[in-house]
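Dear colleague,

I am passing on the structure below, followed by notes on what turned up in it. Please read the notes with the model open beside you.

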Amino acid sequence: MTRPNFLVIQADQLTSTVLSAYGNPLAKTPHMDALAARGTVFQNSYCSYPLCGPSRMSMMTGRLASRIGAYDNGAELPSTIPTFAHYLRAAGYRTALSGKMHFVGADQLHGFEHRLTTDIYPGDFTWTENLETRDEKNRSDDRAVTSCGIAERTVQLDYDELAVFHAEQHLWDIARAPAQPFCLFVSLTHPHDPYYCQTEHWERYADTPIPLPTVGRMPSQARDPLTQYIFDRHALDKDFPDETVRRARRAYLGSVSYVDDQIGRLMGVLARAGLQDDTILIVLGDHGEMLGERGIWFKRHFYEWSARVPMIFAGPGVATATRAENVTLMDLAPTLMSLAGCADTAVEPMEGRDLSLALSGGAETDNIAVSEVMSDGLAAPVFMVRRGAMKLIWGEEHPAQLYDITKDPNELQDLANDPAHADTLGALKSELLTIWDPADLRAQIDLSIARRLLIRRAHNVGTPPKWDYVATPDDQRWCRAGEDYTAWSTSILPPRGSDPRN
């Protein structure tokens with residue numbers, strides 16, 4: 001069998017809880033719906049860290065972020081840790097990245113042969129923080145909720161337009177010279193806060209009642225420590241008017257529709273360029289979005305709105321199915337490697353699991369998903385384990401929370417202190433402690449932060465290093481002195497087979 005191409009499209013802060021493919025037709029996403037209708041949808045897919053950078057580093061490597069030192073948004077992914085881009089490239093794939101990946105450090109490629117755009121966030125240790133430095137950093141606050149609505153142009157929109165344009169151009173370049181299989185990763189910053197969308201996407205919801213959060217803001221005495229941390233960090237401990245909440249939610253949904261439009265654009269290029277039949281298309285989020293549930297906005301928690309993400313595969317060899325087992329973004333790396341025929345080249349074990357058999361309609365995989373959150377001024381790491389329907393959230397400074405997600409999808413009935421569930425609680429906590437050593441991890445995080453803050457201070461003296469990736473335009477694409485114009489202009493035509501008139 002010919003090795004498939006991969007087109008992976010990831011949206012930032014896209015929760016699966018607003019998507020038709022996941023049971024809620026609130027967002028208008030016809031292209032994602034079409035992919036889901038002909039592909040495999042993992043209903044219980046989770047990020048392995050509900051924050052941008054660590055989630056992506058974990059996904060790229062198939063490893064827990066805590067195993068590779070990607071403790072927070074200011075932490076570096078070491079160049080010595082292989083990513084799926086390294087493995088696929090070593091196996092003969094043409095690897096490229098267009099858009100955000102949140103790499104920190106001097107290595108801004110991590111296995112991608114081509115990077116088509118710069119990143120949208122800083123590549124240095126600027127965003128490193130601890131309890132003492134937390135208030136020094138700029139971060140999203142309640143302005144992301146209160147200052148929202150229609151905006152015809154934003155920096156995020158400019159960035160995503162650039163990322164999709166370069167991705168389209170790259171696909172056409174591949175179609176003109178299809179010498180090797182490819183993996184193109186397109187990463188959009190929408191629908192990440194602040195919540196803005198264009199009039200076109202705002203108006204798609206003109207006749208859609210925008211619901212308020214199902215679960216209202218939790219009173220202070222009922223909040224777990226992670227919830228209180230999020231309230232404090234983002235100045236969210238207030239009642240927003242219903243009009244503000246609905247406006248923010250509508251703008252978020254408009255951004256989701258914008259993402260869906262970009263998926264449609266890329267699907268269209270695949271079809272017109274003759275690449276569709278050989279390409280597996282994968283749609284992912286990097287983490288979810290609370291959207292005001294419990295009074296929480298953004299992410300960083302393990303509640304379903306924040307931790308569950310879309311994971312949809314469609315293409316050659318992919319069954320049409322809805323899968324119920326618990327999976328995580330860490331599973332992407334071993335799955336891509338297996339589909340590419342290079343699973344046996346892994347140089348070390350991964351926490352992620354190969355889902356290729358599930359994609360072909362095979363038996364259920366091991367029914368567990370794990371996730372973690374740490375650093376960024378958090379007092380101590382907090383962990384999540386979901387096995388079957390039961391989800392445990394626990395940390396050394398976070399009392400156990402236990403939920404039956406099947407019976408209680410809104411996570412309102414904490415079973416941690418219910419004697420009838422004591423055995424389940426004990427078993428999940430024991431399983432958690434076989435994965436993480438909280439005290440040792442805390443010491444590693446403290447050391448990592450101390451190192452990075454020292455390096456940041458040093459780099460602020462004199463001329464700082466420049467780690468931000470700058471994409472250089474390929475000026476040699478265009479006609480230059482001495483070239484034959486006709487030969488040049490006809491050589492860049494699309495393949496004849498892609499013209500429906502032929």
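Helices (H or I, at least four residues) and strands (E, at least two) are DSSP runs, numbered from the N terminus. This is a predicted model, in which local features need pLDDT of at least 70 and side-chain atom pairs count only at pLDDT 80 or more, while totals for chains, interfaces and linings use all residues. Residues are numbered from 1 along each chain as its sequence is written, and side-chain values use heavy atoms, with hydrogens and water left out.

Turning to aromatic pairs (rings of Phe, Tyr and Trp, the last by its six-membered ring, with centres within 6.5 Å; planes under 30 degrees apart count as stacked, over 60 as edge-to-face and the rest as tilted), a search of the whole structure finds 11. One of them is the stacked pair of Phe-84 and Phe-185, at 6.2 Å centre to centre and 25 degrees between the planes. Phe-84 lies in helix H4 (residues 84-90) and Phe-185 in strand S6 (residues 182-188), so the pair ties together parts that are 101 residues apart in sequence. Phe-84 and Phe-185 are buried, where buried means under 20% relative accessible area, exposed over 50% and partly exposed in between (1.4 Å probe, protein chains only).

Phe-125 and Trp-467 form an edge-to-face pair, 5.4 Å centre to centre with 80 degrees between the planes. This pair links distant parts of the chain, 342 residues apart, with Phe-125 in the loop between S4 and helix H5 (143-146) and Trp-467 in the loop between helix H14 (438-459) and helix H15 (485-491); both residues are buried.

Finally, in helix H1 (residues 30-38), Met-32, Leu-35 and Ala-36 are buried. Seen down the axis of H1, the buried residues fall within an arc of 100 degrees (taken from the directions from the helix axis to the C-beta atoms), so they line one face of the helix, whereas Pro-30 and Ala-37, on the other side of H1, are exposed.
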